[in-house]
Amino acid sequence: IPQQSSSRMSAFPAAKTADGKGGDSSSTCHRIRITLTTSKSVANLEKVCADLIKGALEIKANHDNKELKVRGPVRMPTKVLRLTVRKSPCGEGTNTWDRWEMRVYKRVIDLYSPPETVKQITSIAIEPDVDVEVIIANSK
């Protein structure tokens with residue numbers, strides 16, 4: 001049985017700083033995934049998506065931020081939730097049914113940016129009935 005060495009290799013390379021040496025840096029890019037969902041108004045959802053992207057591009061232009069990248073909005077498939085119920089509460093009489101349906105719309109936007117710009121990008125006015133979920137992870 002071969003013995004395993006005590007040194008371990010990482011599947012991810014160490015992040016490099018501006019001087020080319022490995023190590024953590026304060027200017028590392030973060031991947032920010034913004035998930036927007038609504039079941040009421042697609043127009044409000046599209047407006048929030050457009051505002052987020054417009055704000056990110058303005059920050060990129062004003063601050064000469066070369067590291068900021070915007071991917072999206074990616075339109076996820078619409079979930080259709082259907083519910084079919086009997087109209088009659090007692091179960092007698094003609095079999096008549098009510099069909100209810102709710103559609104859930106979802107958009108995903110990925111931003112790659114340094115941590116300083118995260119708060120500026122995500123501080124926009126959100127339309128009513130639009131749920132926002134922000135996930136921040138290290139990218140590099």
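Let me start with Asp-129, which at 45% relative accessibility counts as partly exposed, where buried means under 20% relative accessible area, exposed means over 50%, and partly exposed lies in between, with a 1.4 Å probe and protein chains only. Asp-129 is not a glycine, and yet its phi is positive, at about 70°. The residue is found in the loop between α2 (115-122) and β5; helices here are DSSP runs of H or I with at least four residues, strands are runs of E with at least two, and both are numbered from the N terminus.

A word on the basis of all this: we are looking at a predicted model, in which local features need pLDDT of at least 70 and side-chain atom pairs count only at pLDDT 80 or more, while totals for chains, interfaces and linings use all residues. Residues are numbered from 1 along each chain as its sequence is written, and side-chain values use heavy atoms, with hydrogens and water left out.

Now the overall layout. The protein chain has two helices and five strands, and along the sequence they follow the pattern β-α-β-β-β-α-β. Of the 140 residues in the protein chain, 24% are buried.

In strand β2 (residues 69-75) we find Pro-73, and the peptide bond that joins Gly-72 to Pro-73 is cis, with omega about 5°.

Moving on to strand β5 (residues 131-138), this is where Val-134 is found, a residue that is partly exposed, with a relative accessible area of 38%. Together with Ile-126, Val-132 and Ile-136, Val-134 forms a nonpolar patch on the surface, and the four have about 300 Å² of accessible area together. Such patches are made of residues with over 30% relative accessible area and no salt bridge, with nonpolar side chains (Val, Leu, Ile, Met, Phe, Trp, Tyr) joined within 5 Å and like charges within 9 Å. A salt bridge, in turn, is a side-chain nitrogen of Lys or Arg within 4 Å of a carboxyl oxygen of Asp or Glu, and the areas come from the Shrake-Rupley method with a 1.4 Å probe, only the protein chains shown counting as cover for residues.

What about the cysteines? Cys-49 counts as buried, at 2% relative accessibility, whereas Cys-90 is exposed, at 61%. The structure holds zero disulfides, a disulfide being a pair of cysteine sulfur atoms within 2.5 Å.

Finally, the charged end of Arg-86 sits over the ring of Trp-97, 5.6 Å from its centre; the criterion is NZ of Lys or CZ of Arg within 6 Å of the ring centre and within 35 degrees of the ring normal.
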